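Welcome! Here is a short briefing to read with the structure open beside you. Take your time and find each residue as it comes up.

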Amino acid sequence: TRPFNYTGPGQSPQFLVPKLVEHFAERRPTIELGNLDVVRDFSDVRAVVEAYVRLLSVEQPPSVVNLCSGVGRSLRQIVDDLTELSGHHIEIRVNPAFVRASEVHRLVGSAATLRATLGDLPCQDFRETLAWMGVDVTLVQDVGVAGPHRLPARLAEFADSDAIVVVAGMEGALPSVVGGYVACPVAGGAR
């Protein structure tokens, strides 16, 4: 696979979209950015997970497939969306150190092979992804298959979750165990 940019809650603010979301969520007065007019292909991490899961079940997958939305968004569009979603206006300062002299202006993937292989994938409007990133993320650790007796004591921490992403050890059985306790979708696998 050739993944393009993807994002979602819990991603480090060292990445562009989470940095923007954090600044808007905290209602900071200013942010330093580079070129506002570059166009990139951003996907919701939920769609990327779904694509990986479905690709694993394809008998003869293509040798190369782009994991992308096929839709370009400029940094300026993302800032405008966050302004509209939050009602907060932020002063953008262009930092010359963040502007790359040889930067590709438009980098958008072709999702043709992905769609031909998997058919339609769930596609969130990117504004929904940005809104989703504004919610709290709960990290629950050390409830693996080796210690399933610890899981019921932690269920209240994520009982109202809209979705759960489970990362397990080599056996990859934990998503099924967690799925038996909750009503929301569970995605995951082995590391």
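This is a predicted model: local features need pLDDT of at least 70, side-chain atom pairs count only at pLDDT 80 or more; totals for chains, interfaces and linings use all residues.

The protein has six helices and ten strands.

**The whole protein**

- Of the 191 residues, 33% count as buried.
- The accessible surface comes to about 11,500 Å², and carbon and sulfur atoms hold 51% of it.
- Take the contacts with a separation of 6 or more: residues 24 or more positions apart account for 74% of them.

**The second largest pocket**

- This pocket has a volume of about 560 Å³.
- Its lining is made of 23 residues, and the closest to the pocket centre are F15, L16, V17, F42 and R100.
- At least two lining residues come from each of β2 (5–7), α1, β4 (39–44), β6 (72–74) and α3.
- Which element gives the most to this lining? That is α1, with four residues.
- By type, the lining has eleven nonpolar, seven polar and five charged residues.

**The nonpolar cores**

- In soluble globular proteins, nonpolar side chains tend to be buried together.
- The largest nonpolar core here has 16 residues, and V17, L20, L33, I78, L82 and L130 have the most contacts inside it.
- Two or more residues of this core come from each of α1 (16–25), β3 (30–33), α3 (75–86) and α5 (126–132).
- A second, separate core has nine residues, among them L155, F158, V166 and C184.
- Which residues does I78 contact, leaving aside its neighbours within four places in sequence? They are V17, L20, F42, R73, F126 and L130.

**Helix α1 and what follows**

- Look along α1 and you will find that V17, P18, L20, V21, H23 and F24 are buried.
- The cover over the buried residues of α1 includes β2, β3, β4, α3 and α5.
- After α1 comes R27, in the loop between α1 and β3.
- R27 has a positive phi of about 55 degrees although it is not a glycine.
- Is R27 buried or partly exposed? R27 counts as partly exposed because its relative accessible area is 46%, which lies between the 20% and 50% cut-offs.

- T129 and A131 both have their place in helix α5.
- T129 is buried, with a relative accessible area of 0%, whereas A131 counts as partly exposed at 42%.
- Not counting residues up to four places away in sequence, T129 touches T7, D44, R46 and Q124.
- T129 and F42 are 87 residues apart in sequence, and their C-alpha atoms are 10.0 Å apart in space.
- A131 and L85 are 46 residues apart in sequence and 7.2 Å apart in space, C-alpha to C-alpha.

Note on methods:
Residues are numbered from 1 along each chain as its sequence is written. Side-chain values use heavy atoms; hydrogens and water are left out. A nonpolar core is a set of buried Ala, Val, Leu, Ile, Met, Phe, Trp, Tyr and Cys residues joined through side-chain atoms within 4.5 Å. Buried means under 20% relative accessible area, exposed over 50%, partly exposed in between (1.4 Å probe, protein chains only). Contact means heavy atoms within 4.5 Å. On a 1 Å grid over the protein atoms alone, a cavity is a set of points where a 1.4 Å probe fits but cannot get out, and a pocket is an open set with protein on both sides within 12 Å along at least five of seven lines; lining residues have an atom within 4 Å of a point. Grid points are joined across faces, edges and corners, and a volume is the space filled by probe spheres set on the points. Ala, Val, Leu, Ile, Met, Phe, Trp, Tyr, Cys and Pro count as nonpolar, Asp, Glu, Lys and Arg as charged, and the others, Gly among them, as polar. Accessible areas come from the Shrake-Rupley method with a 1.4 Å probe; for residues, only the protein chains shown count as cover.
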